[in-house]
Amino acid sequence: MPAQLIDGVQLSKQLRADIAARAATLTAQGKQPGLAVIIAGDDPASHVYVRNKVKACGDVGFHSVLEKYEADLPEADLLARIAALNEDPAIHGILVQMPLPKHIDASKVIEAIATSKDVDGYSVLSAGELVANLPGFRPCTPYGCMKLIESTGYDLRGKHAVVIGRSNTVGKPMALLLLQANATVTICHSGTPDLGYHTRQADVVVAAVGRRNTLTGDMVKPGAIVIDVGINRNDEGKLCGDVDFDSVAPVASHITPVPGGVGPMTITMLLMNTLESAERGLAKNQEKPGPGAGMIPQPGLV
Ligand code: NAP
């Protein structure tokens, strides 16, 4: 029997309806969730991404601010804007669209965002929170992949998951989230000699490589769940993932399509992180001042 499609468009719709309802509750309490999106330069794809993020905010009732800068924006000016947004009570999440112009140190910019507003989950402190199982923001794409796996009703406990790719934004956090769900996790990368040897043993495969046909049907265990993060173009210029869908779908039990799988979930989880940031802020404001009041809060625990 061919694999069931895991429909990221449908799941996103459901999650966004829930996000909109929770946002309406916060707004009624005077705490409308707010996201600031900053872009520097004129990369057309990046402008499309930020437009989509701002539109998604409007659709779920968030306040949003889009700050567009020229490619020659001085790094110091960008850091000053982030410092101001860190202090802005109407903003619960700050996202700086990557890539930044070459003269700007992207890691300095990411680390300048307050951990309590790091809704992309890219900072070193957010990564540390994930490693240490502390509450904090999870990077949106792997967080979305977890929701897609969850939607199948599959229990990851004790299962073998193989992640292909070890980037800081997708592969590594993905592996940590699977580990948190009590899967046994293998991480493969460009130096892995026999990829198929690992993937054939996997109950769940997540492909996050950026190279089409990385995973083919002969590399998949019958009944496995396959999540395709990759975004590539085939010879006809059509969007495709890292997984050879036609050969893998007859073998897997569940599979995400490209487009319509992981892609829509990434913005949805950005909205979720921003919502949760606003909810945490409200909970903090509602706390009665105790003996520790006025102390500097620990990052991520606010
Ligand atoms: P990346 O930073 O380029 O990382 C790619 C990873 O794949 C690296 O760890 C690399 O290994 C590994 N790799 C390369 N060739 C390999 C091979 N032949 N066998 C096994 N592993 C191999 O990319 P990324 O940012 O993680 O993104 C991965 C893909 O996901 C891209 O197509 C990207 O466009 C897509 N993506 C999609 C979304 C979405 O919302 N759908 C979001 C983010 C990314 P080394 O570390 O050894 O180099």
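**A friendly note on this predicted model**

1. Let us start at a proline: Pro259 sits in the loop between strand β11 (254-255) and helix α10. The peptide bond that joins Val258 to Pro259 is cis, with omega about 0°. Helices here are DSSP runs of H or I with at least four residues, strands are runs of E with at least two, and both are numbered from the N terminus. A cis bond also links Met98 and Pro99, again with omega about 0°. Pro99 belongs to the loop between β4 (93-96) and α4.

2. A word on reading the model. It is predicted, so local features need pLDDT of at least 70 and side-chain atom pairs count only at pLDDT 80 or more, while totals for chains, interfaces and linings use all residues. Residues are numbered from 1 along each chain as its sequence is written, and side-chain values use heavy atoms, leaving out hydrogens and water.

3. Now to the ligand. Which residues come nearest to the ligand? Of the 19 around it, they are Arg166, Ser167, Ser190, Ile231 and Thr266; a residue is near if one of its heavy atoms lies within 4 Å. Helix α10 (residues 262-286) gives the most to this shell, with three residues. By type, the shell has seven nonpolar, 10 polar and two charged residues. Nonpolar covers Ala, Val, Leu, Ile, Met, Phe, Trp, Tyr, Cys and Pro; charged covers Asp, Glu, Lys and Arg; the others, Gly among them, are polar.

4. Look next at individual atoms. A polar side-chain atom of Thr266 lies 2.8 Å from a ligand oxygen. A polar backbone atom of Val229 is 3.5 Å from an oxygen atom of the ligand, and a backbone N or O atom of His189 is 3.5 Å from a ligand nitrogen. The protein covers 67% of the 930 Å² of accessible area that the ligand has on its own (Shrake-Rupley method, 1.4 Å probe; for residues, only the protein chains shown count as cover).

5. You will find it in the loop between α4 (106-112) and α5 (124-131). Ser123 counts as buried because its relative accessibility is 2%; buried means under 20%, exposed over 50%, and partly exposed in between (1.4 Å probe, protein chains only). A polar atom of its side chain lies 3.1 Å from the backbone nitrogen of Ser126. Leaving aside neighbours within four places in sequence, Ser123 is in contact (heavy atoms within 4.5 Å) with Ile110, Glu111 and Asp118.

6. How many disulfides does the structure hold? There are zero, a disulfide being a pair of cysteine sulfur atoms within 2.5 Å. For Cys57, the nearest cysteine sulfur is that of Cys140, 11 Å away.

7. Helix α7 (residues 171-180) has buried residues Gly171, Pro173, Met174, Ala175, Leu177 and Leu178. These pack against α5, α6 (140-150), β5 (160-164), β6 (184-188) and β7 (204-207). After α7 comes Asn182, whose phi is positive, near 70°.

8. Two further asparagines deserve a look. Asn133, in the loop between α5 and α6, has a positive phi near 60° and is exposed, with a relative accessible area of 53%. Asn213 has a positive phi near 60°, lies in the loop between β7 and β8 (225-228), and is partly exposed at 39%.

How values were computed
A polar contact is a pair of N or O atoms within 3.5 Å; within protein, one must be able to donate a hydrogen and the other to accept it, and residues adjacent in sequence count only if both atoms are side-chain atoms.
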